[in-house]
Amino acid sequence: MKKRLAKFLPKLYGMSLNVLALINPTKAAKKAFYIFCTVRKGRILPHQKTYLDPKKKELIAIADHKIQLYEWKGSGDTVLLVHGWESNTWRWHKLIEKLSNAGYNIIAFDAPAHGYSSGKYLYVPLYSQVLQELVTKFDPEHLVGHSVGGMTLLYNEYQYSNANVEKMVTIGSPSEFHEIMSHYQLLLGLNTRVYNALAKYIRDRFGFTIREFSTSRFARLNTKKGLLFHDKLDVIAPYHASEQVHASWKNSEFISTEGLGHSMHQDEVNEKIVEFLSK
């Protein structure tokens, strides 16, 4: 019963937004945006506390949020880790082990509405704002991002081009915002009136259109050394996303896998990340 309800719930949201748009399209657009950005999972689970709690660094105020930081101290370069949607710093525990063994200084954090951090919503411009504060604070040489975290790295680089960042790694990251929004429209059954109002809301609020937000486009100006991972069978983020980013990013390497899934926690992935950062 719960599965059937969960499957039908998005359509109920969509129907209500379609009706609301007849009366107030601006309000419908705002509601559609916040439904899209609502985070429903990703808080710290009991089995994750034992690992994460001893490594808590501080809670830092950024963009009206309290952001939980973690640190694994090392004498080498600083690596900043950026997790994906409905995840938290725990997702990095296998990579952290590899990086720690190699001597890296590791900073990680829970995104707004994730882990121990405050909030209810997450969207890439907000994530990029948080990331930029932490890049400024910790001055990392290397950034590693998974899924939406990787998308955020590339948008952040396009915005700020932090001079001291040398290398960037993305894992299973999406690229084209219009593809994500088309899926969202289909999932909720949003009509053209709502979708057009949502597109206007995004343009007015963030200064870019749905089509303009493209990490493959952002990557054209990226001068950092990059490493991209993507699995051909990824059912969360399309494989062609990293293909397109790699084609645009002149100084990037692309590692294609098959059968490792979206999360890509495998030792072979983590070892290649450490190898790339150590070059």
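What volume does the largest cavity have?

Modeller: The largest cavity has a volume of about 40 Å³, where volume is the space filled by probe spheres set on grid points joined across faces, edges and corners. A cavity is a set of points on a 1 Å grid over the protein atoms alone where a 1.4 Å probe fits but cannot get out, and lining residues have an atom within 4 Å of a point. The model is predicted, so that local features need pLDDT of at least 70 and side-chain atom pairs count only at pLDDT 80 or more, while totals for chains, interfaces and linings use all residues. Residues are numbered from 1 along each chain as its sequence is written, and side-chain values use heavy atoms, with hydrogens and water left out.

The structure holds one cavity of 30 Å³ or more. The lining of the largest cavity is made up of Leu154, Thr170, Ser173, Pro174, Thr215, Leu228, Ala241, Ser242 and Val245. Helix H10 (residues 239-248) supplies the largest share of the cavity lining, with three residues; helices (H or I, at least four residues) and strands (E, at least two) are DSSP runs numbered from the N terminus.

Helix H10 also contains Ala247. Ala247 counts as exposed because its relative accessibility is 69%, the limits being under 20% for buried, over 50% for exposed and partly exposed in between (1.4 Å probe, protein chains only). Between the C-alpha atoms of Ala247 and Tyr201 there are 31 Å, with 46 residues separating the two along the chain.

Helix H6 is the next element to consider. Glu157 lies in helix H6, and Glu157 counts as buried because its relative accessibility is 6%. If residues up to four places away in sequence are set aside, Glu157 touches Asn162, Met168, Asn222 and Lys224 (heavy atoms within 4.5 Å).

Aromatic pairs come next. The count of such pairs is 21; rings of Phe, Tyr and Trp (its six-membered ring) pair if their centres lie within 6.5 Å, and planes under 30 degrees apart are stacked, over 60 edge-to-face and the rest tilted. One of them is the tilted pair of Tyr155 and Phe218, with 5.5 Å from centre to centre and 40° between the planes. This pair links distant parts of the chain, since Tyr155 lies in helix H6 and Phe218 in helix H9 (residues 215-218), 63 residues apart. Phe218 also pairs edge-to-face with Phe213, at 5.1 Å centre to centre and 85° between the planes. Tyr155 and Phe218 are both buried, and Phe213 is buried as well.

Two residues have a positive phi without being glycine. Ser147, with phi of about 55°, lies in the loop between strand S5 (142-146) and helix H6. Ser147 is buried because its relative accessible area is 7%. Met264 has a phi near 55° and belongs to the loop between strand S8 (252-257) and helix H11 (267-278). Met264 is buried because its relative accessible area is 2%.

A further loop, between strand S4 (105-109) and helix H5, holds Ala111. Ala111 is buried because its relative accessible area is 0%. Neighbours within four places in sequence aside, Ala111 is in contact with His83, Ser117, Leu122 and Tyr127. From Ala111 to Thr89 the C-alpha distance is 8.7 Å, and the two are 22 residues apart in sequence.

Open space remains to be described. Two or more lining residues come from each of helices H1 (2-23), H2 (25-37), H5 (124-138), H6 (148-160), H7 (177-188) and H8 (192-206). Helix H7 gives the most to this pocket lining, namely seven residues. The lining of the largest pocket comprises 28 nonpolar, 10 polar and six charged residues.

Methods: Ala, Val, Leu, Ile, Met, Phe, Trp, Tyr, Cys and Pro count as nonpolar, Asp, Glu, Lys and Arg as charged, and the others, Gly among them, as polar. On a 1 Å grid over the protein atoms alone, a cavity is a set of points where a 1.4 Å probe fits but cannot get out, and a pocket is an open set with protein on both sides within 12 Å along at least five of seven lines; lining residues have an atom within 4 Å of a point.
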